[in-house]
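Let's take a walk through this protein together. Have the sequence and the 3D view ready, and turn the structure as you read.

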Amino acid sequence: MARRRSRLRNVLEFALARGFLFGVQLMPARMLAPTSRVIGRLLYRVISSRRKVVRENVKLAFGDGPEAPDPDRLGRKSLANLTLSFMELARLPRNGHRLKARITVPDRDALEQLQVAIKEGGAVIAGAHFGAYEVLGLASPLFDIPAATLVRPLDNPYLERWIRGARTRHGQQLVDNRGGTRELVSCFGKGRMLGVMVDINRRSGRRVWVDFFGVPA
């Protein structure tokens, strides 16, 4: 169930976000990465709960020896990458032909294999919040790969409406992670590529816990 939020908070958040994204659209391309790094540092400083999660997870994965990476540096870079992904999403061409022309496919054989797998009954892509992950599902239909992606809806309904429209403008289907398993299976049966981020949690009772670095996940 979505968290209870005041309408005023939702409106203010939406106004700030849309104002920022409007500025992003006017920003020179060379400024995107530096700006995202600054915002990533600010977010990491402000969101104390994320700092705790990052530090605990890095310790679980790498231990606390001298060779372990700096968890705070990783956390800042992660939030910078997340910010950059949304900035790029706001700047992508709305026209499908223009968007497709801007995408480089380095491995055409892999693309053709995926297209064949889709025609033969579907495929599953497990991804993470690295790189231009937003572009993958958004642009897949332009390459004859119909996509259905499992997502966690944003708590702010106005922002959720905007990002859903941006993500689905070229045919990508979004499936709510709060009870959308049947819909996801149906999409697979219809020959779609299923996109699943590996860190998405299923909140209902029908889930399977597995040990990940010794912790139930």
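Predicted model: local features only at pLDDT ≥ 70, side-chain atom pairs only at ≥ 80, totals over all residues.

**From the surface to the core**

Find Phe 213 in the loop between β5 (211–212) and β6 (215–216). Its relative accessible area is 47%, so Phe 213 counts as partly exposed.

Now look inside. In soluble globular proteins, nonpolar side chains tend to be buried together. Here, the largest nonpolar core has 19 residues, and Leu 89, Leu 92 and Leu 99 have the most contacts inside it. Two or more residues each come from α4 (71–91), α6 (108–119), α7 (133–139) and α8 (157–168). Leaving aside residues up to four places away in sequence, Leu 99 touches Leu 92, Pro 93, Leu 138, Ala 139, Leu 142 and His 170.

Next come the charged side chains. Side chains of opposite charge can pair when their charged atoms come close. The whole structure holds 6 salt bridges. In one of them, Asp 155 pairs with Arg 152, with the closest N and O atoms 3.2 Å apart. Are these two buried or exposed, or something in between? Asp 155 counts as buried because its relative accessibility is 16%, while Arg 152, at 30%, counts as partly exposed. Elsewhere, salt bridges that share partners join Arg 5, Arg 9 and Glu 13 into one network. Glu 13 bridges to Arg 5 at 2.2 Å and to Arg 9 at 3.0 Å. Glu 13 and Arg 9 both sit in helix α1 (residues 7–26), 4 residues apart, about one turn of the helix.

Technical notes: Residues numbered from 1 in each chain as written. Heavy atoms only, no water. Core = buried A, V, L, I, M, F, W, Y, C linked by side-chain atoms within 4.5 Å. Buried < 20%, exposed > 50% of the residue type's maximum accessible area, 1.4 Å probe, protein only. Contact = heavy atoms within 4.5 Å. Salt bridge = Lys/Arg side-chain N within 4 Å of Asp/Glu carboxyl O.
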